Amino acid sequence: MTTPVVPASVSLPPFIGRAPAALPFVFIGDRLWLDFVNTEESGKASRVDALGDFEAFVRWLQAAAVLDGERAGGIRRRAQQQPSGAAAALVDARRVRASLRALAERGGHLGHVRSAALAEINRVLGRSAGTRRVEARDDGSYARSFVPVGDAFAGLLMPVVESAADALILGELHRVRRCAASRCARVFFDETKNARRRWCDMATCGNRAKAARHRQRVLTTSD
Ligand SMILES: [Zn+2]
């Protein structure tokens, strides 16, 4: 089994895997479904989609350790044989992502948003036949995997959707937050003991806020 995680480049924090010639994938959500939501980032004017094409989607699934190299290779071959099926799978992935973003941002306090997301989750779960497994990874950790039968593309989102289902079942939504930086759309699960995580990550948004506070202090003291 090849290692599924895209190696981080030296200049980046370890949680960012840079896919070749593409946007870096960011894994700061602490939950698979939130990392999936974060594949759509807010750019200067509009949203930037790290899942620009089906190949980027497969790379993300590899970087997230949902697919190992062997299965990703199989999916790529299938995508070459059935380009329209692959395109449809990507459209579907983005549709699920939009629903999961709504769940992350508003599901904690809006029942109808939860219901809509639940319908999406059950739509994906319901159409995928296959085998669920738990696999021991090379690094000693364990991961759920799903081996689809029939439509290979239908099962790709299964682990993502199961992760969102877990959030509902475990009652985790009240700990899901959007980054406090107004121009950042990233969402994450707040695992801190006192529920005070505010930033998607300290190296970017957290640092910018700290620098802004510092500038503010310097200005006030020099008045
Ligand atoms: Zn942020």
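The talk below sets labels against their definitions.

Guide: This is a predicted model: local features need pLDDT of at least 70, side-chain atom pairs count only at pLDDT 80 or more, and totals for chains, interfaces and linings use all residues. Residues are numbered from 1 along each chain as its sequence is written.

Visitor: What makes a run count among the 7 helices and 8 strands?

Guide: Helices are DSSP runs of H or I with at least four residues, strands are E runs of at least two, and both are numbered from the N terminus. The protein has 7 helices and 8 strands by that rule.

Visitor: Why are β5 and β6 called paired?

Guide: Two strands pair if DSSP finds at least two bridges between them. β5 (residues 130-136) and β6 (residues 142-148) share 7 bridges, so they pair. They run antiparallel. Arg 132 faces Phe 146 in β6. The two strands form a hairpin with 5 residues between them. In its turn, Gly 140 has a positive phi of about 95 degrees.

Visitor: How do you know that Leu 61 touches Leu 156?

Guide: Contact requires C-beta atoms, placed from the backbone, within 7 Å. Leu 156 meets that test with Leu 61, as do Val 66, Leu 67 and Ala 72; residues up to four places away in sequence are not counted.

Visitor: What makes residues "buried", and what share of the protein is that?

Guide: A buried residue has 20 or more other C-beta atoms within 10 Å of its own; 12 or fewer means exposed, and in between is partly exposed. Of the 223 residues, 31% count as buried.

Technical notes. Contact = placed C-beta atoms within 7 Å.
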